[in-house]
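Let's take a look around this model, starting with its ligand and moving out to a couple of single residues and the overall layout.

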Amino acid sequence: MTTITVSTNDGVARVTLARPDVRNAFNADVIAELRDTFEQLSNDPQIRAVVLKGEGKSFCGGADINWMRGALDLSYDENVADAEKMSDMFRAIDRCSKPVIGRIHGAALGGGAGLTAVCDIALASDDTLFGFTEVKLGIIPAVISPFVLAKIGTSHARALFVTGERFDAARALHIGLVHEVMPAEALDAAVERVLGEIASAGPSAVAAAKALVPQVDAASYDASRDITARAIAKQRTSEEGQEGLRAFLERRKATFAR
Ligand code: COA
């Protein structure tokens with residue numbers, strides 16, 4: 001790995017964007033490595049949570065502008081293929097079966113704001129600068145838009161996409177792009193607190209709870225009635241569901257809880 005680092009410890013994988021000199025802007029290599037890494041972590045039974053963070057001054061300055069300059073010579077079809085690869089990366093993070101905690105600091109611009117949107121829990125330092133700044137470069141936040149819309153809704157997306165304005169952490173919290181805002185020095189402890197919550201929950205329940213959200217979101221009520229009834233029945237009859245309920249009734253710690 002050259003553009004990201006991955007360390008695992010005690011069931012937690014920490015994925016770090018590691019190009020601090022360009023504020024962790026992503027190019028084709030980063031895109032491929034992130035996609036592969038999140039696909040592997042999603043299938044790794046030892047992993048219970050993933051932390052996504054950035055090395056150096058900023059979380060992520062978005063797509064690498066020098067790399068995009070190379071795209072000026074690409075044909076329409078080559079641009080489509082490039083964008084589809086980027087889409088696959090965002091999808092791999094979005095659909096990772098493990099909860100993804102974003103440790104957001106410095107700047108999260110363009111695709112960096114997109115990365116924030118695909119984190120299940122985004123914790124941001126109060127001095128972080130956000131923005132869907134693509135229109136300022138004459139392009140659009142296309143690939144990230146399904147993930148961003150799912151997070152902040154069409155009203156905020158329309159306002160922020162057309163202006164490309166930069167906004168502060170308080171506004172990111174207000175629109176639901178991030179979940180907690182705090183001084184930078186409190187970020188690591190907040191990540192540990194969230195990891196502690198996840199470690200005390202049933203791993204298959206956590207994965208099923210995460211998978212449920214997009215399924216129900218995409219379904220009509222009639223369809224969701226069936227989806228949700230089957231999902232809870234599956235979990236209640238699973239070994240983990242039985243153990244969790246029994247442990248609670250017997251006033252003991254469940255075997256899956258760390
Ligand atoms: N692509 C390529 N290089 C980038 C980059 C990006 N998206 N974002 C930052 N960099 C590079 C800068 O060009 C600079 O390179 P240099 O040292 O060779 O001059 C280096 O990272 C540091 O950037 P700088 O602006 O000096 O750092 P900063 O900490 O003051 O500000 C940002 C960080 C992210 C706020 C600022 O760099 C920025 O606004 N970047 C553009 C982000 C953007 O518009 N992204 C949307 C892409 S669609």
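For residue classes, Ala, Val, Leu, Ile, Met, Phe, Trp, Tyr, Cys and Pro count as nonpolar, Asp, Glu, Lys and Arg as charged, and the others, Gly among them, as polar. On that scheme, the shell around the ligand holds eight nonpolar, two polar and six charged residues. Keep in mind that this is a predicted model: local features need pLDDT of at least 70, side-chain atom pairs count only at pLDDT 80 or more, and totals for chains, interfaces and linings use all residues. Residues are numbered from 1 along each chain as its sequence is written, and side-chain values use heavy atoms, with hydrogens and water left out.

**The ligand**

There are 16 residues around the ligand, and Arg-23, Gly-61, Ala-63, Ile-65 and Arg-166 come nearest; a residue is near a molecule if one of its heavy atoms lies within 4 Å of it. The polar contacts here (pairs of N or O atoms within 3.5 Å) include these:

| Protein atom | Ligand atom | Distance |
|---|---|---|
| Asp-21, polar backbone atom | oxygen | 3.2 Å |
| Gly-61, polar backbone atom | nitrogen | 2.8 Å |
| Arg-166, polar side-chain atom | oxygen | 2.9 Å |

On its own the ligand exposes 860 Å², and the protein buries 61% of that (areas by the Shrake-Rupley method with a 1.4 Å probe). Which elements give two or more residues to the shell around the ligand? They are α2 (65-70) and β5 (107-109). Helices (H or I, at least four residues) and strands (E, at least two) are DSSP runs, numbered from the N terminus.

**Two residues up close**

Ala-13 sits in strand β2, residues 12-17. Is Ala-13 buried or exposed? Its relative accessible area is 0%, so Ala-13 is buried, a label that means under 20%. Setting aside neighbours within four places in sequence, Ala-13 is in contact (heavy atoms within 4.5 Å) with Ser-7, Thr-8, Leu-41, Ile-47, Ala-49, Val-50 and Val-51.

Ser-42 belongs to helix α1, residues 28-42. With a relative accessible area of 18%, Ser-42 also counts as buried. Beyond residues up to four places away in sequence, Ser-42 touches Arg-95, Cys-96, Ser-97 and Lys-98.

**Overall layout**

Notes
Buried < 20%, exposed > 50% of the residue type's maximum accessible area, 1.4 Å probe, protein only. Polar contact = N/O pair within 3.5 Å; in protein donor to acceptor, adjacent residues only side chain to side chain.
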